[in-house]
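Please look over the sequence and the model below. A short report on the fold follows.

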Amino acid sequence: MIFNFPYSKVFYSICLVLCLCSASAGEALKSIETGHTIMKVRSASADGAPFIVASTYEGTVLGVRYDGSIGWSQPLSGYMNHDIWCEDLTNDGNDEILIANADGAIYCLSARGNILWEFKPNEGGHVPPMYAVCVIRDAKQIPYVVCGGFDKSFYYLLANGKVVKEVKSRDYSTIRPFGPGASHLPKVNVHTINFLRPVPQPDGSDVLAMHASNNHMQGRGAIYQFKPLADQPYMDSGKLQVPTVVGDFNVCDPDGDGAYEILLGTSWLGKDAMTIYDPKTAKVSSYNLKKIGSAGYRVTQSVTIPDGESFRYLMLSGNYLVTVAPDLSAKSERKINGKYAYNDVWQDATGRLLLASSQSGGSCIHILDTTQSGWQDAFVHLDPPGKIQAILKNTEEARQQLASFEKPAWEREPIPVYSTWAKKKGIAKDRLVQDLIEHYDSPVFLNSCSSNKENWDRSSMPSEIYRNKRDRRMKYVLTQQQVLDKLIPNYEDAPGIAYWVGHGNDPYMYQLETTKKVLDAANGKKTVLILPELSDTFGEAGYVIGDLFNPLAEYAAENNANIFFRSKNVFWQGDIYLPEWSNVVSGRFAKSVVPSMEETTDRTMELSLVGRMGLWASGAVDAWGMRCSRDNPSFDRSRQHSYQRLPNHFLRTMVFSLANGSSYMNNTYVDMDHMGLALELVAKGALFVPKREEIVSFSPVHLSMKTPDEHYLSNAVNHKVTTYYDRDFEEQNPFVFGRTNAVWPAAPNTEWDFSRYAAGVADRRQHFIPPYPRGTVLITPPQAGVFADLDAPRGQMVDHLHPLYRDIMQEFITDGRHYYSADGKQTYAADEYYQTVAAAIEQGKAQLPLTVAGDVAWVAAQSADNHLRLTLVDSGYLNPQARTALVQFHAVKPIKITDVLTGERLEMTNADSAAIDVPLGLFRLIDIEFTK
């Protein structure tokens, strides 16, 4: 391997090989701490010596020696790397490293980590991510770099990066769109590139194997095979017979006889499987994994390992390794249950398995040698060092500090916070929940219940769609009385209940009268009616809103009930501002509607947060909710690594949301011992859950939504189909909220995108804990001008906020695409006018008590006449880091800064600023005393 050392290449290579042989003898598992969250791992070599290529969450590429040291670090563009391929392109004994980057480029690195060249098919700036890259060779052993992504083409490049040709999918694709739901159907016979891999041939050449798809959530896609430089495939799999979405693609030769197989892995919930595809015959055979831990969203990745004179298939799925014999006999299956799930697996040239970091925010690369005895036990007991141990240590220290915490005398009593998770049997078994119920008034644990759905007569329903619509996951078998007999007893010995009242797939799981009877039986106890994913999917949302939603919201308000409205995409800064939802925006249902989100595959979390909070701050609703569930980390269903066993990302999301005033939680508790710390903080008053009139970290600048632009909405709704890229349209149509459809996974936000200039978020990814360094910029109903509803029951927003906002608020109007003057007479382009908005936000921060920089999420609230509560949170959702919050004081002069949990007195850096360390995977709860 090439590194900058005073030794000759040959001498260093010999030393490294000897070191590896000595170190690995009898060693089944080795962990290398990198300090980074590693998402992808590959193997490479230089001068005959092996090394590991690793890609971090941030997109930095590392060259890592097998002895554990890091030779080099290359930050590239600063955006996610979707694929990596290592091969010697120049025949000099050193592998080049090819990177498919989310910025739309292919980067070629040397073995030293230097950028040799880059290729980007469109230099105009609107380039969707590159997603796949590999190298194939023709019969003369000439190498060609092949790459592709979301622009619906793939490219042949020479070893120096020069383009040989572009091949457009429209010229050969047989893939067609399917299913309802898109606002406009995508084009037929086009696709995006999911995987590209070489299949070696007897003459030394390669065939290019491509997996293509047009839908990353539902499409099985097809496999095409091309001869080098061919425009047309010579083999087409047709409709691929695999269990579900393809999330892994590995070409292997299990017997070493030249008969190559393609191992395909699923990326889904509850359909964990490996499919063996024969590239010569297109025949498939699948092995379905059953009972692999708890249900979850996982990518099944497959390799082969030696087994005496034969081999076994080995599958990494979640926190399990599963092996099976070549005949795929279920009796031959062996499960190995580890503690954690990992972001990637790769088999190096010696057969060792390279595991990327734990999905729970780990920082190691793990080397597992399946030829060594005890490798199974080593995997079972693998407890990664590095970040995982730091998270566990920091969390335990916080819990110990909380044990001696006493709520400051000047702070009010905590407001009620409702948890919709707590089944009676679960409460009895869970020590922490039981203790909180017995000793504290908040959180309030509602009894979570469910039932089969009502089989009721819909024949008179005017809407044919909803007359016939059913959720295929549910059983519609109960009479009304049976539903009541099932649900109503759950109120006994509980402060209330929570259950699904419907779903976007079918809002009419129960007839309205049945739900009213449940609320009547509550006798004043709290009821939370969970309604996920109701949107204009079928073009008849207006009917459902008028027939079901509005009367239910009105009845709920009269009976201590809430509709926990768990929508998707840009609903709370988009669809909700359509005319049919005017009753919600006006504040008519403020008591009953609780806006929340189901952010599965969404990439706009920083927007949905301020959309929900903006409605709350305006008075349109009296509360807002959060959801933390197992699929939240998934922003790309083709690579659904969403099986975190240590839910630190949920803990910090809960703390951040609660500190922002969220008072309803609809969370899946993966590990109550860890996540439960947030609930303890609430119960004991250590975490200050503010009322909206107490928050002082809202920016004085807010963005108000008029009726949304149609294309803005359709973009966000089309989060499944991957073929909507239109270069000309993108270049000619800048958006305030852009790149929200399925074409842009982890892609850079444009300079004029609200997410970048207001939220401080650089890409379309999972920003559940956004920084908003100049104050939280709310997205609200219009407050003045021709777009405002001046007669709305909610009144004016400033009447609901802290008094400091009375005379300092500044409003900008948008429809998601353009900006508008308050009188509606002028329209401003997003890529120009954003500078005016950004400048106002920058200027407005001086009117706040304080602001916080340093890639740390923050909230400030006034807890007493001369006290502020400042909550600081490590903002790395899946890449936690120890961070430093740079607190700048503006409109207050602090006289004392104290850590609430430790009692530590924190010092000012200078007269108007302080630097406060935030532990990795944690938060700081700060009290600031200031002059009145």
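## A strand pair and its sheet

Leucine 353 has leucine 368 as its bridge partner in β29. The two strands involved are β28, residues 353-355, and β29, residues 364-368. They run antiparallel, and three bridges join them. This is a predicted model.

The pair belongs to an open sheet of four strands. The order is β1-β29-β28-β27, and the pairing is antiparallel. At the edges sit β1 (29-33) and β27 (345-347), each of which pairs on one side only. On average, neighbouring strands of this sheet are turned by 20° against each other, with direction ignored.

## The chain as a whole

The protein chain holds 17 helices and 53 strands. How does its radius of gyration agree with that of a compact globule? For 932 residues, such a globule would have a radius near 30 Å. The protein chain has 28 Å, so the value agrees with a compact globule. Along the principal axes, the C-alpha atoms fill a box of roughly 80 × 70 × 60 Å.

Buried residues account for 63% of the 932 residues. The accessible surface of the chain is about 33,300 Å². Carbon and sulfur atoms contribute 48% of that surface. Contacts reach across the sequence too. Take those between residues at least 6 apart in sequence: 67% of them join residues at least 24 apart.

## Cysteines

A disulfide is a covalent bond between the sulfur atoms of two cysteines. How many disulfides does the model have? The count comes to zero, with the cut-off set at sulfur atoms within 2.5 Å.

Two cysteines illustrate the point. For cysteine 108, the closest cysteine sulfur is in cysteine 86, 10 Å away, so the distance is too far for a bond. Cysteine 108 is buried, with a relative accessible area of 1%. For cysteine 147, the closest cysteine sulfur is in cysteine 134, at 9.2 Å. Cysteine 147 counts as buried, at 0% relative accessibility.

## Backbone points to check

Which peptide bond is cis, with omega near 5°? It is the bond from serine 442 to proline 443. Proline 443 lies in the loop between α5 (431-439) and β31 (444-445).

Is asparagine 569 buried or exposed? It is buried, because its relative accessible area of 12% falls under the 20% limit.

Aspartate 855 counts as partly exposed, because its 44% relative accessibility lies between the 20% and 50% limits.

How values were computed. Residues are numbered from 1 along each chain as its sequence is written. This is a predicted model: local features need pLDDT of at least 70, side-chain atom pairs count only at pLDDT 80 or more; totals for chains, interfaces and linings use all residues. Side-chain values use heavy atoms; hydrogens and water are left out. Buried means under 20% relative accessible area, exposed over 50%, partly exposed in between (1.4 Å probe, protein chains only). Two strands pair if DSSP finds at least two bridges between them. Axes are lines fitted to C-alpha atoms, for helices over the stretch in contact, and angles run from 0 to 180 degrees between N-to-C directions. The radius of gyration is taken over C-alpha atoms; the globule rule is 2.2 Å times the number of residues to the power 0.38. Contact means heavy atoms within 4.5 Å. Accessible areas come from the Shrake-Rupley method with a 1.4 Å probe; for residues, only the protein chains shown count as cover.
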